[in-house]
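Please walk me through this protein model, from the overall fold to the individual contacts.

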Amino acid sequence: MSASIYSGCARACGALVTMIGLAATSAALAQSAPAAPEPHDHGQHVAPAEPAQPDHSHHAAPPDHTHHEAAPTTAKQKLPVNKPSRHAAHDANRARHTGREAHAKMLHTKPHATAHAGPAHGDTPHGTMAHDQHDALKAFLGPYSITREGSGTSWVPDTTPHEGIHGRFGDWSTMAHAQFNVVYDRQGGPRGGEMGFVSGMMMAMAQRPLGDGTFGLRAMLSPEPFMGPAGYPLLLASGETANGNTHLIDRQHPHDLFMELAATYSRNLSATASVFLYAGLPGEPALGPPAFMHRTSGMDMPEAPITHHWLDSTHITFGVVTAGLVVDNWKLEASAFRGREPDQYRYDIEAPKLDSYSARLSWNPTRELSMQVSFGRLHSPEQLDPSVDEDRVTASATYTQPFGDDNLWSSTAAWGRKMLRPGETLDGFMLESALILRKTYTLFLRAERVAETELHDDVPVLAGRVLMVNKLSVGGIYDFYRTEHVRAGIGALVSAYALPDELKPVYGNDPTSGMIFARVKVQ
Ligand SMILES: [Cu+2]
């Protein structure tokens, strides 16, 4: 069996290298492409596979806000596929961008960032970024803006900034981005510890039209296995194992080298509806909010939430198949996946299984708001408690509001309930918020409340009891270096705790903790 796993790994690595090569090659092409017209280019732009053709009046004239306010979204999305003269004029205009110029434009425009940094004005999902979607990626799963797509098949608000290095290679459109945090971590009290580590991720995506739909590939890697199997000190964190024998307590496990290797196929049913399939090894099932490193409200914090195993811990699952239906601003999807969490070997691809199930309903009622409820039935998630199954319910809402000149405020509230079978029912609550000013100053906070049993399992008088623990982290980042595709900054956070009296002897009277870090974003 291990042979097949490793050959799977080899294949996956091959696919990944190909994809990253693809992204790199397309970026290189952008720099050096000859000034010859690209035959594929305009075929793309008039392809019938692209359903809700955006309203090009945006490009012919300044945006007409009253127009947007007046018509309901659905009506706008049902615009005919073949646009009249304006579209033709647009294509003619685009025809002037050939070869190097067109590629350079694709690479160097930062369309979504610009479009979304501006004031929101009740735009359609296609709104002002429509033009740029021709150059870059469409949504992978349906006829709406790609800015709506979060990790796995999850949704985030349409106002989410979507920045990346875009390229085109034949029929393929590609995008890549990466984020690394170099962290010095000091957790206080007798359960604390000190450590330096690197967290983060690299992501590459590619998509092309296939038949009447869109075929997509995604790969995401993490540098975290290099920090060692025991992860980093993080008070009140629990979940997974470093050695196959003991639970990781007051430490955050490293993420696997391969966080996602997934393929998608979607087919539009109308200008506002689609069906899609998603398969990942590993991948993220339709359960929980978008993973913390993929939601604007949480991605700038270098530490994982202690609610991770109540909300979004399934984001790395070895074996996921999801089918979904999108209608207007609603998405209903169901997944079959492997219930078991990743093991302590963080460099390999583990054997897939489809022994667990989940379903999620997502709704984006406005451009700024995204909500979901989901339910999962997980078979034997914990390697160290294999006879325990888990039912999980989550509900969350994310609000992302761009304002003023390059400012953004994003918040997520989430609740997750673990129902262990057999065992306790444990709730986790999380509220996190990030305020980004002039793309330079970031302020963030995360408040969490979790019903815990694992933290004190080794304390004989407390074993088996359910205790509520609370954590608040507050911090900031100053990005001192910013170019079109790179941001670098330094930051710090401090964490405070409210613990029940029973736990005070265990954690000490003042376990206040903190991190200082440097970060680089390539986007
Ligand atoms: Cu995780």
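The paragraphs below go from the whole chain to the metal site, the nonpolar groups and the salt bridges.

The model is predicted. Its protein chain has eleven helices and 19 strands. Of the 523 residues in the chain, 58% are buried. Counting contacts between residues at least 6 apart in sequence, 66% join residues at least 24 apart. The accessible surface of the protein chain is about 19700 Å², and carbon and sulfur atoms account for 64% of that area.

The metal site comes next. The copper ion is coordinated by the NE2 atoms of His255, His308 and His315, at 1.9 to 2.0 Å. Along the chain these donors follow the spacing H-x52-H-x6-H. Histidine 255 sits in the loop between β6 (247-252) and β7 (258-268), while histidine 315 sits in the loop between α10 (308-311) and β9 (320-327), so this pair ties together parts that are 60 residues apart in sequence. Both histidine 255 and histidine 315 are buried.

Which residues touch the most other members of the largest nonpolar core? That core has 61 residues, and the ones in question are Tyr232, Leu236, Leu503 and Tyr507. Apart from this core lies another, of six residues, which include Ala262, Val320, Phe337 and Leu378. For tyrosine 232, the contacts can be listed once neighbours within four places in sequence are left aside. They are Asp185, Met195, Phe197, Met227, Asp250, Arg251, Gln252, Pro302, Glu303, Ala304 and Met515.

Two strands, β10 (330-337) and β11 (356-366), each supply at least two residues of the patch. Leucine 361 is found in β11. Its relative accessibility is 34%, so leucine 361 counts as partly exposed.

Phenylalanine 180 belongs to strand β2 (residues 172-187). From phenylalanine 180 to serine 199 the C-alpha to C-alpha distance is 5.8 Å, and the two are 19 residues apart in sequence. Beyond its neighbours within four places in sequence, phenylalanine 180 is in contact with Val198, Ser199, Gly200, Met201, Met202, Pro223, Ala518, Arg519 and Val520. One of these contacts, Arg519, returns below in a salt bridge with aspartate 300.

The structure holds 26 salt bridges. One of them joins arginine 295 to aspartate 312, with the closest N and O atoms 3.1 Å apart. Arginine 295 lies in the loop between β8 (273-280) and α10, and aspartate 312 in the loop between α10 and β9, so the bridge ties together parts that are 17 residues apart in sequence. The loop between α10 and β9 also holds histidine 315, one of the residues that coordinate the copper ion. Arginine 295 is buried at 1% relative accessibility, and aspartate 312 is buried with a relative accessible area of 3%.

How far apart in sequence are the parts that arginine 519 and aspartate 300 tie together? The closest N and O atoms of this salt bridge are 2.7 Å apart. Arginine 519 lies in strand β19 (residues 513-522) and aspartate 300 in the loop between β8 and α10, so the parts they tie together are 219 residues apart in sequence. Arginine 519 is buried, with a relative accessible area of 1%, and aspartate 300 counts as buried at 3% relative accessibility.

A further salt bridge pairs arginine 377 with aspartate 391, their closest N and O atoms being 2.9 Å apart. Here the partners come from two strands: arginine 377 from β12 (residues 369-378) and aspartate 391 from β13 (residues 389-403), so the pair ties together parts that are 14 residues apart in sequence. Arginine 377 is partly exposed, with a relative accessible area of 41%, whereas aspartate 391 counts as buried at 7% relative accessibility. Finally, salt bridges that share partners join Asp300, Asp479, Arg487, Arg519 and Lys521 into one network.

Definitions and conventions
Residues are numbered from 1 along each chain as its sequence is written. This is a predicted model: local features need pLDDT of at least 70, side-chain atom pairs count only at pLDDT 80 or more; totals for chains, interfaces and linings use all residues. Side-chain values use heavy atoms; hydrogens and water are left out. Helices (H or I, at least four residues) and strands (E, at least two) are DSSP runs, numbered from the N terminus. Buried means under 20% relative accessible area, exposed over 50%, partly exposed in between (1.4 Å probe, protein chains only). Contact means heavy atoms within 4.5 Å. Accessible areas come from the Shrake-Rupley method with a 1.4 Å probe; for residues, only the protein chains shown count as cover. Donors are N, O and S atoms within 2.8 Å of the metal (3.2 Å for Na, K and Ca); water is not among the atoms, so sites may look incomplete. A nonpolar core is a set of buried Ala, Val, Leu, Ile, Met, Phe, Trp, Tyr and Cys residues joined through side-chain atoms within 4.5 Å. A salt bridge is a side-chain nitrogen of Lys or Arg within 4 Å of a carboxyl oxygen of Asp or Glu.
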